[in-house]
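Dear colleague,

Please find the structure below, together with the sequence. My notes on its packing and its sheet follow.

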Amino acid sequence: MKIAFLNKYQDKVSRGAETFVSELYERLSKDNQVDVISKVNYFDLLKNKYDVVIPTNGRLQVFLVRIVTWLTHSKMIVSGQSGIGWDDKLNLLSFPNTFVALSEKASKWAKKFNPSIKVVQIPNGVDLNKFTVQGQSLRVDLKKPIVLAVGAFTPQKRMDLAIRAVAKLPEVSLLMLGGGGELENELKLLGNKMLGDRFQIMSVPFVQMPEVYRCANVFTLPSASSESFGNVLVEAMASGLPVVATDDPVRREIVGDAGLFVDPTDTEGYAVAIKKALDTDWGTKPRSQAEKFSWDEIAKKYNDLFSKLTK
């Protein structure tokens, strides 16, 4: 098949959508012609006549791609990386050939919002060969135990809540990583003020992330329930870390019995959950849960989906 992924941010930032594109490209390109296009020229899309086009930037892009695929008799697939809300409502209103929901909750919502669209459920995943329990750990100037929080420094991620919770635990350190965002300076000030030398904020290339996970004892992500998935959750679990996450249906579906669920706005309750996660012997539960989200298996599901649509 001839497949095109469209993402204007590819190789510029490292978020869930960019990981989704790069991981599928790596696997699908073994048996298909796959192009990842960051500078989208819609006339080129018309000329190249792809079998399947996957736009990832939403809004105007999906409507323009839908026109192109109608004209070329191609198939347009939209993956719900944005999560339940206006962006995915617009994606559904573009009438893709298939909408891919990342969770059961998102699947039910999409079917209700636009019953005439075919909806399938395929989650995001993790590279189980890269993210492992054994291997080199990143050296950081923090005392153990270390709680790790990874996410963009944006309002949706609510990273300040992790700082406030760990501040309640005098013997615990917090390592925070993110790919930028408007709240970075604010989080630095808050972390230094509330945690002092128990706090470190940094960024590393994605290739170094396995080392980052291995240096920690517990992972946490206090993001809002509107988040579509949370690739970092499965990366952390693949690395053997238990997770303390927001209590909502999507996070429960991802984390299973490999962590604890809280309302992160309840600082006392959040701190208690982190302490409990640190004191619990989780054994192989985190890794076993992550193995349900292998990118290898997820890529096969996408390949099967594309094949059926283009027959």
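The largest nonpolar core has 37 residues, among which L148, L175, Y213, F219 and I254 touch the most other members. Such a core is a set of buried Ala, Val, Leu, Ile, Met, Phe, Trp, Tyr and Cys residues joined through side-chain atoms within 4.5 Å, where buried means under 20% relative accessible area (1.4 Å probe, protein chains only). At least two residues each come from β7 (146–150), β8 (173–177), α8 (209–214), β10 (218–221), α9 (231–238), β11 (243–246) and α10 (249–255); helices (H or I, at least four residues) and strands (E, at least two) are DSSP runs, numbered from the N terminus. The most, 6 residues, is given by α9. A second, separate core of 28 residues includes F199, V244, V262 and W282.

This is a predicted model, in which local features need pLDDT of at least 70 and side-chain atom pairs count only at pLDDT 80 or more, whereas totals for chains, interfaces and linings use all residues. Residues are numbered from 1 along each chain as its sequence is written, and side-chain values use heavy atoms, with hydrogens and water left out.

Turning to the sheet, 6 strands form an open, parallel arrangement in the order β9-β8-β7-β10-β11-β12; two strands pair if DSSP finds at least two bridges between them. Because β9 (199–202) and β12 (259–262) stand at the edges with a single partner strand each, one side of each is left without a neighbour in the sheet. The parallel strands β8 and β9 are joined by 4 bridges, and L174 has F199 in β9 as its bridge partner.

Yours sincerely

Terms used. Buried means under 20% relative accessible area, exposed over 50%, partly exposed in between (1.4 Å probe, protein chains only).
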